[in-house]
Amino acid sequence: MNDSVKRTTLSEGAYEAIRRKIITGVFAPSSKLVVATLANGLELSATPINEALAALEREGLVTYLAHRGYFVSSVTPENVEEVYSVREVFELLAVRFAARKADRSTVERLGTILREARQSIRLGDTTAFADLDLEFHRAIWTSTNNSLAIRIGELIGGQIRLLVATTARAPGRFRGAFEEHYEVYRAIKNQDPAAAVVAMRRHIRTAKQALRRAILEKSSAGAKASVPQAIKQKRS
């Protein structure tokens, strides 16, 4: 029994460590995740690493290819469409509930997150802002007190962080995201579900467009960079 508990704890620790590196961009999309390397880095055996990778695959952050191993999931405009179509439906339901309920603890938590987010913008701390961005949305979906909704929110949140890290966090997007969050917060504080839904829809759709644009620009830049290399190889 104790061995089972210990193994589970190690697996959860490995999961959190690897997941953090994926959603912050330390492990780039499409890069291979070598079990032996991860095990050495985390000072663990292969078993908890494999269990962690399997959990990350179920979450959609990791892809397993037969005979090749695990890779960080790639990101395409199609991925953005898939994630954001689900995100919009889910978050509009959550924010409508939050605004209707508008309990004091949720409103205060959102206000605190916004103050910290403003400070992260001033400091140019993009990692902190990305964490606070997710925390803002988490505060909304956890206000539902619905365990299934919270699990769905965490699943979507991980996908969003992967997208944002992949696109270098869409330069210049943070200030706009902050202002959109503030409008959502104000609607919730005023107990105005209709306004909260409008503000959240605007926020999600604007974020979706920014991510799609960043992915396309990154893809285009990569294609242009590969041309001189191809010419060089041909000449040699």
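Residues are classed as buried when their relative accessible area is under 20%, exposed when it is over 50%, and partly exposed in between, with a 1.4 Å probe and protein chains only. The structure is a predicted model, in which local features need pLDDT of at least 70, side-chain atom pairs count only at pLDDT 80 or more, and totals for chains, interfaces and linings use all residues. Residues are numbered from 1 along each chain as its sequence is written, and side-chain values use heavy atoms, with hydrogens and water left out.

Side chains of opposite charge can pair when their charged atoms come close. With a salt bridge defined as a side-chain nitrogen of Lys or Arg within 4 Å of a carboxyl oxygen of Asp or Glu, the model contains twelve salt bridges. One of these joins the side chains of Arg19 and Glu59, with an N to O distance of 2.9 Å. Because Arg19 belongs to helix 1 (residues 2–23) and Glu59 to helix 3 (residues 46–59), this pair ties together parts that are 40 residues apart in sequence; helices are DSSP runs (H or I, at least four residues) numbered from the N terminus. Both partners are buried: Arg19 has a relative accessible area of 12%, and Glu59 has a relative accessibility of 10%.

A salt bridge is also formed between Glu81 and Lys208, whose closest N and O atoms are 3.0 Å apart. This pair links distant parts of the chain, 127 residues apart, with Glu81 in helix 4 (residues 77–101) and Lys208 in helix 9 (residues 193–235). Glu81 is partly exposed, at a relative accessible area of 36%.

Within helix 8 (residues 173–189), Glu183 and Arg186 lie three residues apart, about one turn of the helix, and their side chains meet in a salt bridge of 2.7 Å, N to O. Glu183 is partly exposed at 32% relative accessible area, as is Arg186 at 40%.

Helix 5 (residues 104–123) comprises 20 residues and reaches 29 Å from its first C-alpha to its last, close to the expected 28 Å, where the expected span is 1.5 Å times one less than the number of residues. The buried residues of helix 5 include Thr106, Val107, Leu110, Gly111 and Ile113. The buried residues of this helix pack against helix 6 (126–142) and helix 8, contact being heavy atoms within 4.5 Å. Just after helix 5, Gly124 adopts a positive phi of about 70 degrees.

Note on methods
Helix = DSSP H or I, 4+ residues; strand = E, 2+ residues; numbered from the N terminus.
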